[in-house]
Amino acid sequence: MGSDARHGRLVELLGPVVAAEGLDLEDVTITPAGRRRLVRVVVDRDGGVSLDDVADVSQSVSKRLDETDVLGGNPYVLEVTSPGVDRPLTEPRHWRRAHGRLVKAELRDGTAVEGRVTGADDSGVELDGERRVPYGDLARGRVQVEFNRPGAGLDDGPDEDVDDLEDIDDVDDEG
């Protein structure tokens, strides 16, 4: 069985298994890894994927793969993961899940646009609350890595009061 046929069969086989866990099957790849093969299953959903989700779908996918001969009975290593930040934005759900993120998109006319995703529906994406781009005009898009993303809030705890810090310094000075 060719790799394209195997890929199609795996997507057909695993799609319902992943959907039963409440996730979307984004991709399946098979990579040679010595005498074994690495089967990588990429899953996602609105709101993200937790470690518990990955564990649950991993068990279901493993069971389904073991019930079939799609891998020809050869040993494999299963890896279930969520998409990385470098995943291309190709489906409306990808754009919806990128809400609030800075993206750069190449348009079919050869130009490019960059902006923050402020909305996405079945017909297109809205950038910076100003520009609407229909999906038919998009060639490909990618989330841009931001080290200081607005609203990301690494420290969501209460801010320390400066007066409290001064009181701590005063205690140290007395000793």
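Biologist: Before that, what kind of model is it, and which pLDDT is needed for local features?

Modeller: This is a predicted model: local features need pLDDT of at least 70, side-chain atom pairs count only at pLDDT 80 or more, and totals for chains, interfaces and linings use all residues. Residues are numbered from 1 along each chain as its sequence is written, and side-chain values use heavy atoms, with hydrogens and water left out.

Biologist: Fine. How many helices and strands does the chain have?

Modeller: Four helices and nine strands. Those are DSSP runs, numbered from the N terminus: helices are H or I with at least four residues, strands are E with at least two. Along the sequence the pattern reads α-β-β-α-β-β-α-β-β-β-β-β-α.

Biologist: In what order do the three strands of the open sheet sit?

Modeller: The order is β1-β2-β3, with mixed pairing. Pairing here means that DSSP finds at least two bridges between two strands. The edge strands are β1 (24-33) and β3 (76-81), each pairing on one side only. From one strand to the next, the twist averages 15 degrees.

Biologist: Mixed how? In which sense do β1 and β2 pair?

Modeller: β1 and β2 are antiparallel, over nine bridges. Strand β2 (residues 36-44) pairs with β3 in the parallel sense, over six bridges.

Biologist: What stands opposite V28 in β2?

Modeller: V41 does. On the β3 side, V41 has V80 as its bridge partner. V39 also faces β3, standing opposite L78.

Biologist: And the turn between β1 and β2, which residue takes a positive phi there?

Modeller: G34, with phi near 70 degrees, in a hairpin that has two residues between the strands.

Biologist: How many residues of β2 are buried?

Modeller: Seven of its nine, and β2 is mostly covered. Buried means under 20% relative accessible area, exposed is over 50%, and partly exposed is in between (1.4 Å probe, protein chains only). For the chain of 175 residues, 27% count as buried.

Biologist: Which helix lies across β2 and β3?

Modeller: Helix α2 (residues 51-67), running at about 145 degrees to β3. Axes are lines fitted to C-alpha atoms, for helices over the stretch in contact, and angles run from 0 to 180 degrees between N-to-C directions. V61 lies in α2, and V61 is buried at a relative accessible area of 0%.

Biologist: What does V61 touch?

Modeller: Leaving out residues up to four places away in sequence, V61 touches L14, V17, V18, V41 and L78. Contact means heavy atoms within 4.5 Å. V17 is 44 residues from V61 along the chain, with 6.5 Å between their C-alpha atoms.

Biologist: Switching topic: what is the strand order in the six-stranded sheet?

Modeller: That open sheet runs β4-β9-β5-β6-β7-β8, with antiparallel pairing. β4 and β8 (131-134) are at the edges with a single partner strand each, so one side of each has no neighbour in the sheet. Further in, five bridges join β5 (residues 102-107) to β9 (residues 138-143), and A105 stands opposite G141 in β9.

Biologist: Now charges. How many salt bridges are there?

Modeller: The structure holds 16, a salt bridge being a side-chain nitrogen of Lys or Arg within 4 Å of a carboxyl oxygen of Asp or Glu. One of them pairs R93 with D24 at 3.8 Å, N to O. R93 is in helix α3 (residues 92-97) and D24 is in β1, 69 residues apart.

Biologist: Which residue does D46 meet in a salt bridge?

Modeller: R97, at 2.8 Å, N to O. D46 sits in the loop between β2 and α2, R97 in helix α3, 51 residues apart. Salt bridges with shared partners join D24, E26, D44, D46, R87, R93, R96 and R97 into one network.
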